[in-house]
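Subject: Handing over the structure

Hi,

Here is the structure I promised to pass on. Have a look at it first, then read on for what turned up.

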Amino acid sequence: MSDGLATTATALHDLSATELLAGYYGKQFSPSEVMEAVIAQATRWEPHINALYAFDPDTARKAAQASTERWAKGEPLGLLDGVPVTIKENVATAGVPVPLGVPITPLTPATADAPPAARLREAGGILWSKTTMPDFGMLSSGLSSFHGVTRNPWDVSQNTGGSSAGAGAAGAAGYGPLHLGTDIGGSVRLPAAWCGIFALKPSLGRVPIDPPYVGRCAGPMTRTVDDAALMMSVLSQPDGRDGMSLPPHDFDWSELDVDMRGKKIGLLTDLGFGMALEDEVRDVVTQAARTFEAQGAIVEPVGLGFTREMMDGLDAFWRARMWSDLAQFSDEQRARVLPYIVRWAEPGARLSGVEVVRGFNQTMAMRALGAKLFAGIDYLISPVAPVVSFAADVASPWNDPDRPFDHILYTVPWNMAENPAASINAGYSAKGFPIGVQIVGKRFDDLGVLRMAKAFEGLRGEQKPWPVVPRA
């Protein structure tokens, strides 16, 4: 690339959002041409990875044509006019049902865009498809009783992670530059790590969402940090429907320069419980920390204080919450949900009110440990996931509903503590599979996390080419 403009050597579907906008301004190509390239790329990949839900090429073409006409007049609608965007299935878009990954939800079309979708559409983004997710979003896997199996473009035998499974796969496969996911325990960061892309889980409330919930965030999933910052400039605009949203801010999301000299960075590679950290992941995370240190940051190993009691408490609360939803359906309907989810949720029916409250209170314990840790550091570097990869057709790395969350222990504390946290590709396994590193900041320091990620993006080693469509 040169001066932000596209070269003929780069396919339109692979261009970043910033490159597309530069191309529109420079009249190098039109939104219609870009949309056709994205549709063609998705059509080639979909038989192999199954990343999309409610894929509607005709409506996408109409939206692209309208954008093309606006650009021809020099009157773009907004900051993202003509840029293709996918939206995770559980974020409502007007006229599209929200099945939540299961075949028992009434397929009633949504009456309005949820806040993140509304902001992206108002800015001129072309919301051309939804992306897949697992049952009720309660798996970090691409396995769904409604959508089927979503597979990882880097190796279609391997899992994307989840619950923003389709978004992760779409980003890696080149389905355009911008993808929106949601995250309540790692659901944008885990698929980003396993699919080799970038994702930001913002501070709770930074991006208004509907319905809001404890720890639930919507965030960008992109190939570049610049594109995530561009999305955040749109997504973080106010919406009165979210009673947990933060006050309006005056961030300049495009200002990503940072001086790392003197920044205090904690390095976390051992939690003391859960899945063991694989050596290849540890090596990549440690090397990332050395990269920051070489730029003048002060890196010290830290402990988190996260405990089995905290995770088990949150697990109990989530089981009770899930069972409260499943109990509304008949036995016949529940039999259509992934057995893993039903088996995991069933113990929630036997928990007392006191046990559920004790479980929920562990969210406050996680918030306290986050505050304590960040009283002494500026940023935290850690793994995103403890394992390099796992099989595409299973619900979790251990595939055991009795041990459902031992692979999300590096990500879930930051949902409950409300800190911004990003996943960025930092290296590869011996087999060439991407390995992400997590960068966590203090509450509300979303821009700082993006700045640290942008700096690392420019310092990390050479990146492998993006996956190509498998031969038939």
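Let's start with a helix pair: E309, M310, M311, G313, L314, F317 and A320 in α9 meet V356, G359, F360, Q362, T363, A365, M366 and L369 in α12. Contact here means heavy atoms within 4.5 Å, and the helices (H or I, at least four residues) and strands (E, at least two) are DSSP runs numbered from the N terminus. By class, that contact has 10 nonpolar residues, four polar and one charged. For the classes, Ala, Val, Leu, Ile, Met, Phe, Trp, Tyr, Cys and Pro count as nonpolar, Asp, Glu, Lys and Arg as charged, and the others, Gly among them, as polar.

Before going further, a word on the source: this is a predicted model, where local features need pLDDT of at least 70 and side-chain atom pairs count only at pLDDT 80 or more, while totals for chains, interfaces and linings use all residues. Residues are numbered from 1 along each chain as its sequence is written, and side-chain values use heavy atoms, with hydrogens and water left out.

Back to that pair. The axes of α9 and α12 (residues 353-374) come within 7 Å and cross at roughly 135 degrees, so the two are oblique to each other. Axes are lines fitted to C-alpha atoms, for helices over the stretch in contact, and angles run from 0 to 180 degrees between N-to-C directions. Under 35 degrees counts as roughly parallel, over 145 as roughly antiparallel, 65 to 115 as roughly perpendicular, and the rest as oblique. The crossing of α9 and α12 is left-handed (the near helix is turned anticlockwise from the far one by less than a right angle; clockwise would be right-handed).

Two other pairs are worth a look. The axes of α2 (residues 31-49) and α3 (residues 57-72) come within 7 Å and cross at roughly 155 degrees, which means α2 is roughly antiparallel to α3. This crossing is right-handed. On the α2 side, P31, S32, M35, E36 and I39 take part, and they meet residues of α3 including P57, A60 and W71. The tally for this contact is seven nonpolar, four polar and two charged residues.

In the other pair, the axes of α7 (residues 225-235) and α14 (residues 446-459) come within 9 Å, crossing at roughly 160 degrees, so α7 and α14 are roughly antiparallel too. Their crossing is left-handed. V225, D226, A228, A229 and M232 of α7 make the contact with L450, A453, K454 and E457 of α14. Here there are six nonpolar, no polar and three charged residues.

Now the spaces. On a 1 Å grid over the protein atoms alone, a cavity is a set of points where a 1.4 Å probe fits but cannot get out, and a pocket is an open set with protein on both sides within 12 Å along at least five of seven lines; lining residues have an atom within 4 Å of a point. Points are joined across faces, edges and corners, and a volume is the space filled by probe spheres set on them.

The largest pocket has a volume of about 670 Å³. Of its 29 lining residues, N90, L100, P211, R216 and R321 are closest to the centre. α9 turns up again here, giving the most to the lining with three residues. The lining has 14 nonpolar, seven polar and eight charged residues.

How many cavities of 30 Å³ or more does a search of the whole structure find? Three. The largest holds about 180 Å³ of space, and M138, L139, S140, F405 and I408 are the closest to its centre among 21 lining residues. Helix α11 (residues 339-345) supplies the largest share of that lining, three residues. The lining of the largest cavity has 12 nonpolar, nine polar and no charged residues.

Cheers
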